[in-house]
Amino acid sequence: QVHLVESGGGTVQAGESLRLSCAASGRTFSRYYMGWFRQAPGKEREFVARITWSGGRTYYADSVKGRFTISRDNAKNMVYLQMANLNPEDTAVYYCAASSGLNVGPRLDEYDYWGQGTQVTVSS
């Protein structure tokens with residue numbers, strides 16, 4: 001069982017940066033692939049980024065590649081999403097997710113646990 005709590009959301013202007021954090025409970029955090037997803041108003045939830053157990057490999061949606069960076073600190077049971085050069089299209093509720101699977105990708109159904117989300121709003 002993993003309990004996830006996101007934080008760090010807020011309102012920023014276009015071009016600014018923001019870092020989201022996700023705190024995870026559970027002693028087996030390092031055994032989970034971790035992902036970030038987002039859901040804009042009126043749209044389906046979409047994949048943003050994923051990181052492997054050790055943090056050695058990452059995977060990004062094309063829309064955020066080069067601007068967002070996912071990382072994790074297994075000693076602190078934390079995963080982060082550093083977001084740079086934000087634009088209004090990045091406005092959404094951002095969710096942290098955990099998967100006990102192998103070779104996990106961008107599908108929502110690959111993830112077992114979800115946080116409650118944190119709002120990110122980017123104004124132009």
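Modeller: What follows is a short talk through the disulfide, a sheet, the aromatic rings and some single residues.

Modeller: Keep in mind that this is a predicted model.

Colleague: Fine. How many disulfides does the structure hold?

Modeller: The structure holds one disulfide. Cys-22 and Cys-96 form it, with their sulfur atoms 2.2 Å apart.

Colleague: What is a disulfide, in general?

Modeller: It is a covalent bond between the sulfur atoms of two cysteines.

Colleague: Which parts of the chain does the pair Cys-22 and Cys-96 link?

Modeller: Distant ones: Cys-22 is in strand 3 and Cys-96 is in strand 9, 74 residues apart.

Colleague: Are Cys-22 and Cys-96 buried or exposed?

Modeller: Cys-22 has a relative accessible area of 0%, so it is buried. Cys-96 is also at 0%, so Cys-96 is buried.

Colleague: And is the disulfide of Cys-22 and Cys-96 left-handed or right-handed?

Modeller: The torsion about its S-S bond is about -80°, so the disulfide of Cys-22 and Cys-96 is left-handed.

Colleague: You mentioned strand 3. What else is there?

Modeller: Ser-21 is found in strand 3, which covers residues 18-24. At 12% relative accessibility, Ser-21 counts as buried, because buried means under 20%.

Colleague: Which residues does Ser-21 touch?

Modeller: Leaving out residues up to four places away in sequence, Ser-21 touches Val-5, Glu-6, Ser-7, Trp-36, Met-78, Val-79 and Tyr-80.

Colleague: Let's move to the sheet. What is the strand order in the open sheet of four strands?

Modeller: The order is 1-3-8-7, and the pairing is antiparallel.

Colleague: Which strands stand at the edges?

Modeller: Strand 1 (4-7) and strand 7 (68-73) do. Each has a single partner strand, so one side of each is left without a neighbour in the sheet. The twist averages 15° from one strand to the next.

Colleague: How many bridges do strand 7 and strand 8 pair over?

Modeller: Strand 7 and strand 8 pair over six bridges, in the antiparallel sense. As an example, Ser-71 has Tyr-80 in strand 8 as its bridge partner.

Colleague: New topic, rings. How many aromatic pairs does the structure hold?

Modeller: Seven aromatic pairs. One of them is Tyr-33 with Trp-53: the ring centres are 5.4 Å apart and the planes are at 85°, so the pair is edge-to-face.

Colleague: Where are Tyr-33 and Trp-53 in the chain?

Modeller: Tyr-33 is in strand 4 (residues 33-39), while Trp-53 is in the loop between strand 5 (46-51) and strand 6 (58-60). They are 20 residues apart, and the pair links distant parts of the chain.

Colleague: Is Tyr-33 buried or exposed? And what about Trp-53?

Modeller: Tyr-33 counts as buried, at 3% relative accessibility. Trp-53 has a relative accessible area of 35%, so Trp-53 is partly exposed.

Colleague: Which residues form the aromatic cluster?

Modeller: Phe-37, Phe-47, Tyr-59, Tyr-111 and Trp-114 form one aromatic cluster. Trp-114 also has Arg-45 lying over its face, at 5.0 Å from the ring centre.

Colleague: Which residue lies over the face of Phe-29?

Modeller: Arg-72 lies over the face of Phe-29, at 4.5 Å from the ring centre.

Colleague: Last one. Where is Pro-88 found?

Modeller: Pro-88 is in the loop between strand 8 (78-83) and strand 9 (92-99). At 32% relative accessibility, Pro-88 counts as partly exposed.

Colleague: What is Pro-88 in contact with?

Modeller: Leaving aside neighbours within four places in sequence, Pro-88 is in contact with Ala-14, Val-122, Ser-123 and Ser-124. Pro-88 and Lys-43 are 45 residues apart in sequence and 15 Å apart in space, C-alpha to C-alpha.

Colleague: Thanks, that will do.

Key. Residues numbered from 1 in each chain as written. Predicted model: local features only at pLDDT ≥ 70, side-chain atom pairs only at ≥ 80, totals over all residues. Heavy atoms only, no water. Phe/Tyr/Trp six-rings, centres within 6.5 Å; stacked < 30°, edge-to-face > 60°. Helix = DSSP H or I, 4+ residues; strand = E, 2+ residues; numbered from the N terminus. Buried < 20%, exposed > 50% of the residue type's maximum accessible area, 1.4 Å probe, protein only. Lys NZ or Arg CZ within 6 Å of the ring centre and 35° of its normal. Contact = heavy atoms within 4.5 Å. Pairing = 2+ DSSP bridges. Axes fitted to C-alpha atoms, helices over the stretch in contact; angles between N-to-C directions. Disulfide = S-S within 2.5 Å.
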